[in-house]
Amino acid sequence: MQIMLCAISNIASGNCSEDCKYCTQSAYVKTNIQKYRCKDLSQIVLEAKIAKKNEALGFCLVTAGLGLDDEKLEYVCKAARAVHKEVPNLLLIACNGMASVEQLKELKKAGIFSYNHNLETSKEFFPQICTTHTWESRFQTNLNAKEAGLMLCCGGIYGMGESEEDRYSLRKSLQELNPFSSPINFFIANENLNLKVPKLDADEALNIIRQSKQALPDCVIMVAGGREFVLEDRQYEIFQAGAGAIVVGDYLTTKGEAPSRDIMKLKQMGFTFASECH
């Protein structure tokens, strides 16, 4: 079986104006994460080269904040062009918050393949985890990405206190969007966050993956943040449950599994790694 590996580069970190209860990059909470406005382009290119060595096909350029302004758009486009020049065989994904069709078209011109903007949770539950922007604005950005001709990467976070009905509602909304790939993140608790919920059970997490694949049979289900934390020594059961991709390396503000361990284990299991998008 062939699976897809993706890596993340946090190119603009922290000081986000939004009050999302699950996020350590929000300016509403005090955390000890690294904060910087723009990562040096040479560092982004270096991370892209490392991602490629680690068998990654996708490479995601992530910026904190509500969305794209002119300055940030120019910066992401510069980063995309710099990576394309040095590592031409990576599929570039942008994750930059709210964006208009025109802005997303500019990203596409710069070489961005896919836009990632997660719905995070159901329309009904969203106001309980964020009050500074709406779920509807997130949905619209995904529609904008499709109109701009970008492939769509859209999913959510599980384990934030949502109900089974909320999970069903989220999956119904994702079916409407019909994304190319759909990341599943599991909430990771942090003492500085106001969101205090029990850790997801591993069986429950695996069932979420199964239900997501059943709801989105033609979509690449990607297991991302929280994989190691929630599933621990059962994390490689995700592929039996329907996952077709994982994030390798570190996440935005949390450490991930060592890529060498992931790659060794996955090869032992008989997996090969996608080198192009079908």
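At what angle do helix α2 and helix α3 pack, and how far apart are their axes? The angle is about 20°, and the axes lie 9 Å apart. Axes here are lines fitted to C-alpha atoms, for helices over the stretch in contact, and angles run from 0 to 180 degrees between N-to-C directions. This is a predicted model, in which local features need pLDDT of at least 70, side-chain atom pairs count only at pLDDT 80 or more, and totals for chains, interfaces and linings use all residues. Residues are numbered from 1 along each chain as its sequence is written, and side-chain values use heavy atoms, without hydrogens and water.

Helix α2 spans residues 70–86, and α3 spans residues 101–109. Helices (H or I, at least four residues) and strands (E, at least two) are DSSP runs, numbered from the N terminus. The two helices are therefore roughly parallel to each other, a label for angles under 35 degrees. From α2, the contact (heavy atoms within 4.5 Å) uses Leu73, Val76 and Cys77. From α3 come Gln103, Glu106 and Leu107. By class, that gives four nonpolar, one polar and one charged residues. Nonpolar covers Ala, Val, Leu, Ile, Met, Phe, Trp, Tyr, Cys and Pro; charged covers Asp, Glu, Lys and Arg; the others, Gly among them, are polar.

Now turn to α4 (residues 135–147) and α5. Their axes come within 11 Å and cross at roughly 25°. That makes α4 roughly parallel to α5. On the α4 side, Trp135, Phe139, Asn142, Leu143 and Lys146 make the contact. Ser173, Glu176 and Leu177 meet them from α5. This contact has four nonpolar, two polar and two charged residues.

Next, the cavities. A cavity is a set of points, on a 1 Å grid over the protein atoms alone, where a 1.4 Å probe fits but cannot get out; lining residues have an atom within 4 Å of a point. There are two cavities of 30 Å³ or more.

β7 supplies the largest share, three residues.

Technical notes: On a 1 Å grid over the protein atoms alone, a cavity is a set of points where a 1.4 Å probe fits but cannot get out, and a pocket is an open set with protein on both sides within 12 Å along at least five of seven lines; lining residues have an atom within 4 Å of a point. Grid points are joined across faces, edges and corners, and a volume is the space filled by probe spheres set on the points. Angles under 35 degrees count as roughly parallel, over 145 as roughly antiparallel, 65 to 115 as roughly perpendicular and the rest as oblique.
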